[in-house]
Amino acid sequence: VTALRPQLVEMLGREGHDTAMMQLGKDLATKFLADPASVDPAMAETALQLAARNGDAALYDTYQTRFESSPTPADRNRYLTALGYFRDPKLIDRTLSYALHGPLRPQELRYTMFGMNETEADRDRTFQWFQTNYDALKAKLPPQFMVFGPYFASGCSRERLEAAKVFFAKPDHNPVGLDRELAKVGDQITECTTLKDREGKAVEKYLNEVTAAK
């Protein structure tokens, strides 16, 4: 129950746009910021993320400050991950810039991306950002981290996969081990797009019928 509750609340708020769950997230986030001990630790991350979705620059500043001052890895990860859940385009740009220029440890970069890749359009954006800033990322991160670059192209888009194959075919973009990771991403995308082709229309029809029945 402890593990399932935050997942359900997050899905109902993010995917279902449930106002009660969104308000719950906001209320818990406010309590957590005031007194972390007042909120179940299992719910803290979900609360911060839901509150971020409609959050403004002031809340963003608070999260960023808490991230930079947090003494424990767990709290750093909570606040850094939550920065990726803000949906204001200006704040998304700010997060991408922060990922590249902020005081992040190499292993922390991935946490900023968890909330940013919500839609295929979001994934296109972050993959374009990765390509544009590849050289800067290469200079910032240890070589072994660049092997996982193909995961910026993951999702459910054949077009993005083909673009990734072209990008990573360049010698300067192909560190040892990258081909194996690109193959894994390719398998994931192929599975997703094949399933979508086979079942997508039936699922859409069902959801339209459910909506009409309500």
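Predicted model: local features only at pLDDT ≥ 70, side-chain atom pairs only at ≥ 80, totals over all residues.
Numbering runs from 1 along each chain as its sequence is written, and side-chain values use heavy atoms, with hydrogens and water left out. Local features need pLDDT of at least 70 and side-chain atom pairs count only at pLDDT 80 or more, while totals for chains, interfaces and linings use all residues.

There are 16 salt bridges in the structure, each being a side-chain nitrogen of Lys or Arg within 4 Å of a carboxyl oxygen of Asp or Glu. D122 and R87 make one of them, at 2.8 Å from N to O. Since D122 sits in helix 7 (residues 120-132) and R87 in the loop between helix 5 (73-83) and helix 6 (89-101), the pair ties together parts that are 35 residues apart in sequence. Helices here are DSSP runs (H or I, at least four residues), numbered from the N terminus. D122 is buried at 12% relative accessibility, whereas R87, at 23%, is partly exposed; buried means under 20% relative accessible area, exposed over 50%, and partly exposed in between (1.4 Å probe, protein chains only).

R14 pairs with E15, with the closest N and O atoms 2.7 Å apart, and R14 is buried at 19%. In the R198 and E199 bridge the closest N and O atoms are 3.2 Å apart; R198 is exposed at 56% and E199 partly exposed at 34%. Shared partners also join E10, R14 and E15 into one salt-bridge network.

As for helix 1 (residues 4-14), L4 is found there and is partly exposed, at 48%.

Methods
Helix = DSSP H or I, 4+ residues; strand = E, 2+ residues; numbered from the N terminus.
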